[in-house]
Amino acid sequence: LGLLLATAAHAATVVELEHRLHGAFQPRGRLTLSSYEEPGDEDEEPLPPPSGGVAGAPLNATFDEPFVLEEDDLLSFKELLKSRELYLLRARTVIDSAASEYVMAAIPACDLQRSSFREDLTLHLSEDGSLVSMDYQSPVVALSRPCDPTALADAVKFQGRARVGGVVEAHYIPVKVEMDAPPPGMEGVKVPGEKEKPPEKQSWIRRNWYLLLPVAFMLLGGGPPPEEGQGGQGQGQGQGEGQAQGGAGGAGGGG
């Protein structure tokens, strides 16, 4: 698409849209993309691009004709409403290549009915003109309709609007994922040819910290409690000394 626009700035590019109502995708219609440049003398300078655009990229998009649901397609859309499923759109990433991958967008089928089948489609392109993504929305109206398959007419006409957004840079995917070292005891993914790191040296305190816990408790608690035998012996000695002192006092009084 980028080469096509460079060689023919004023030529239109057609995007084939497909949708899925049941089973496989089917042709939905066409979008015509046109450049922002207006016809004129080759010596004239091109007009500056609108906000969000770049020179040589198409900025205008229009549906070739309104899309109409009728007969079998209408019955299939009613099934989407009954099951509350999504209505899907897709287009090729490389617009003029039938071998390229697809870009997809989706919207709840009920949202389309509630908005009287109004749809807004925005195409986002990369610098080389490839289709990167699509934004597909249905604008909310003040008086929305209920999601009711039986309320559809015999033919439903979509009210579509389309535009092309600015250039979008694709996400960078690193070849090698950078990550922290795995936790101790867990081995990470080994890369062939990569040298293993030697184990980290730990101090004696870090290796035997649990041996120091009893000592710390003894220092904080003021030493071990007295044994039961020693406590009883001390108490007996105290009582004996008291009785001896009492007897001596009585003898002094008698004299």
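How many Å should the 13 residues of helix α2 span, and how far apart are its end C-alpha atoms? At 1.5 Å a residue, helix α2 (residues 71-83) should span 18 Å. Its end C-alpha atoms are 19 Å apart, which agrees.

This is a predicted model. Confidence therefore comes before the details.

**Confidence**

The protein chain has an average pLDDT of 74. A score of at least 70 is reached by 61% of the residues. Strand β5 (residues 86-92) has the highest confidence, with a mean of 95. Helix α1 (residues 2-7) has the lowest, with a mean of 39. Over residues 1-10, pLDDT stays under 50. The model gives this stretch 20 contacts beyond four places in sequence. Residues 38-58 also have a pLDDT below 50. That stretch has 31 contacts in the model beyond near neighbours in sequence.

**The chain as a whole**

The protein chain has 255 residues, and 27% of them count as buried. Its secondary structure comes to six helices and ten strands. Take the contacts with a separation of 6 or more: 63% of them join residues 24 or more positions apart. The accessible surface is about 18500 Å². Carbon and sulfur atoms account for 55% of that surface.

Which residues of α2 are buried? They are L74, S76, F77, L80 and L81. These residues cover an arc of only 160° around the axis, so they sit on the same side of α2. An α-helix has 3.6 residues a turn, so residues three or four places apart point the same way. On the other side of α2, the exposed residues are E71, D72, L75 and K82.

What covers the buried residues of α2? The cover includes strands β1 (13-20), β4 (68-70), β5 and β9 (155-157). Helix α3 (109-114) is also part of it. After α2 comes R84, with a positive phi near 55°.

C110 lies in helix α3, and C147 lies in the loop between β8 (131-137) and β9. The pair therefore ties together parts that are 37 residues apart in sequence.

Q113 is also placed in helix α3. Leaving out residues up to four places away in sequence, Q113 touches L81, R145, P146, C147, D148, A151 and L152. One of these, L81, is among the buried residues of α2.

**A loop residue**

V94 lies in the loop between β5 and β6 (102-108). V94 touches S100 and S130, not counting residues up to four places away in sequence. V94 and V132 are 38 residues apart along the chain, and 9.3 Å separates their C-alpha atoms.

**Accessibility at a glance**

Buried or partly exposed? The cut-off between them is 20% relative accessible area.

| Residue | Relative accessibility | Class |
|---|---|---|
| Q113 | 4% | buried |
| C110 | 6% | buried |
| C147 | 13% | buried |
| V94 | 30% | partly exposed |

V94, at 30%, counts as partly exposed.

Technical notes: Residues are numbered from 1 along each chain as its sequence is written. This is a predicted model: local features need pLDDT of at least 70, side-chain atom pairs count only at pLDDT 80 or more; totals for chains, interfaces and linings use all residues. Side-chain values use heavy atoms; hydrogens and water are left out. pLDDT is the predictor's confidence in each residue, from 0 to 100. Helices (H or I, at least four residues) and strands (E, at least two) are DSSP runs, numbered from the N terminus. Contact means heavy atoms within 4.5 Å. The expected span of a helix is 1.5 Å times one less than its number of residues. Buried means under 20% relative accessible area, exposed over 50%, partly exposed in between (1.4 Å probe, protein chains only). The arc is that of the directions from the helix axis to the C-beta atoms. Accessible areas come from the Shrake-Rupley method with a 1.4 Å probe; for residues, only the protein chains shown count as cover.
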